[in-house]
Amino acid sequence: MPKIIIAQNKCKGCELCILTCPKKNIRLSQKMNKKGFHYIEIIDPDKCNACGLCFQVCPDVAIEIWK
Amino acid sequence: MKKLFSKPESLTDTDHKYCPGCGHGIVHRLVAEVIDELGIREKTIGIAPVGCAVFAYDYWNFDVTEASHGRPPAVATGIKRFLPDRVVFTYQGDGDLAAIGMAETIHAANRGENITVIFINNAIYGMTTGQMAPTSLLGMKTTTSPFGRDPKLAGYPIRVGELLSTLEGTTFLARCAVDSAKHVLDAKKAIKKAFEVQLAGKGYSMVEILSQCPPNWKKSVPESLEYVRKEMMSYFPLGVIKDKTKA
């Protein structure tokens with residue numbers, strides 16, 4: 001199972017990763033970060049295959065992926 | 001466990017001050033990744049523009065200087081001629097490169113200066129909240145063209161890549177976008193090629209990158225991506241515009 005680290009305080013909730021994820025496995029959290037944005041969260045970490053497309057489109061480099 | 005994707009070394013930990021969905025952050029990361037891959041971090045000098053990317057020196061972990069509005073190609077010329085062993089690149093928006101800095105851009109390209117230019121084209125002045133730029137599309141509503149850009153009044157959008165391609169001094173010109181993961185990866189390849197052209201001493205290289213600007217286009221992020229794909233790409237076709245290294 002890949003490990004996805006999301007820098008919650010860097011995320012601005014722009015949804016580019018949500019639009020990009022081929023497995024539709026990312027959503028916005030109900031919670032807000034320090035800047036007042038709803039940050040992203042992975043719905044089911046088991047479904048992620050660490051393709052890294054979310055990392056490629058993230059303007060704030062808020063996603064780190066380990067496998 | 002192995003780290004697959006993470007922040008490149010050439011990027012600092014500073015939070016980007018860009019609006020949500022902006023393409024600048026993606027291009028900052030691509031430039032940083034390319035510099036890491038080529039192993040040139042210690043000898044790279046970047047030149048930040050005036051515009052949204054004015055704080056680029058906070059985000060990059062290598063030497064970056066600032067130039068007056070539109071003058072990065074002139075500053076880059078000076079640095080490159082004095083320190084020819086350094087890798088010098090400018091990072092400019094469309095207001096900086098295509099409006100106030102058009103003279104510097106054309107003459108630096110015409111002289112065939114051995115520099116790399118990263119040109120972010122979002123068809124609007126972002127930092128000053130959305131005035132018409134030379135690259136604004138026909139009919140585009142901005143704060144200074146509230147009824148849409150009218151060619152009788154404001155002329156036509158400038159295709160900078162095609163304009164520079166007629167100059168003998170230019171070596172590599174390409175146009176990319178950052179609207180999808182595939183285009184982001186293509187943009188990275190073009191940026192890498194542009195830096196390689198400079199490292200080989202072959203002359204002027206420029207990569208134009210179409211970027212979305214959701215707040216100033218008054219669009220949501222998905223709508224702005226659609227605008228890039230439908231409207232911008234039909235006027236500014238993607239691809240390599242000129243590659244003299246192959247000839």
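Let's start with helix 3 (residues 72-82) of chain B, where B:P72, B:P73, B:A74, B:V75, B:A76, B:T77 and B:K80 are buried. Here "buried" means that 20 or more other C-beta atoms, placed from the backbone, lie within 10 Å of a residue's own; 12 or fewer counts as exposed, and anything in between as partly exposed. The cover over those buried residues includes strand 2, strand 3, strand 4, helix 5 (102-110) and strand 5 of chain B. Helices (H or I, at least four residues) and strands (E, at least two) are DSSP runs, numbered from the N terminus.

This is a predicted model, so keep in mind that local features need pLDDT of at least 70 and side-chain atom pairs count only at pLDDT 80 or more, while totals for chains, interfaces and linings use all residues. Residues are numbered from 1 along each chain as its sequence is written, and chains are lettered from A and ligands numbered from 1 in the order in which they are written.

**The sheet in chain B**

- Chain B has an open sheet of seven strands in the order 3-2-4-5-9-8-10, with mixed pairing. Two strands pair if DSSP finds at least two bridges between them.
- Strand 3 (63-66) and strand 10 (239-243) of chain B stand at the edges with a single partner strand each, so one side of each has no neighbour in the sheet.
- On average, neighbouring strands of this sheet are turned by 15° against each other, direction ignored.
- Strand 2 (residues 44-48) of chain B pairs with strand 3 of chain B in the parallel sense over four bridges. In that pairing, B:I45 has B:D63 as its bridge partner, and B:A48 stands opposite B:E66.
- Strand 2 of chain B also runs parallel to strand 4 of chain B, joined by four bridges. There, B:I45 stands opposite B:V88.
- Four of the five residues of strand 2 of chain B are buried, so this strand is largely enclosed by the rest of the structure.

**Strand 5 of chain B**

- Six of the six residues of strand 5 of chain B are buried, so the strand is largely enclosed by the rest of the structure.
- In a regular strand, side chains alternate between the two faces of the sheet.
- Both faces of strand 5 of chain B are covered, with B:T116, B:I118 and B:I120 buried on one side and B:V117, B:F119 and B:N121 buried on the other.
- Strand 4 of chain B pairs with strand 5 of chain B in the parallel sense over five bridges, and B:F89 has B:T116 as its bridge partner.
- Strand 5 of chain B pairs with strand 9 of chain B, also in the parallel sense, over six bridges. B:F119 has B:E208 as its bridge partner there.

**Helices 1 and 8 of chain B**

- Helix 1 of chain B lies across strand 2, strand 5 (116-121) and strand 9 (204-210) of chain B, running at about 160° to strand 5. Axes are lines fitted to C-alpha atoms, for helices over the stretch in contact, and angles run from 0 to 180 degrees between N-to-C directions.
- Helix 8 of chain B packs on the sheet too, touching strand 4 (87-93), strand 5, strand 8 (170-177) and strand 9 of chain B.
- The axes of helix 1 and helix 8 of chain B come within 9 Å and cross at roughly 50°. That makes helix 1 of chain B oblique to helix 8 of chain B. (Angles under 35 degrees count as roughly parallel, over 145 as roughly antiparallel, 65 to 115 as roughly perpendicular and the rest as oblique.)
- In helix 1 of chain B, the residues that meet helix 8 of chain B include B:I26, B:L30 and B:V31, and their partners include B:V184, B:A187 and B:K188. Contact means that the C-beta atoms of two residues, placed from the backbone, lie within 7 Å.

**Where chain B meets chain A**

- 25 residues of chain B are in contact with 22 residues of chain A.
- Helix 1 of chain B gives the most to the side of chain B that touches chain A, with four residues.
- Strand 4 (residues 63-66) of chain A and strand 1 of chain B pair in the antiparallel sense over two bridges. A:I65 stands opposite B:F5 in that strand of chain B.
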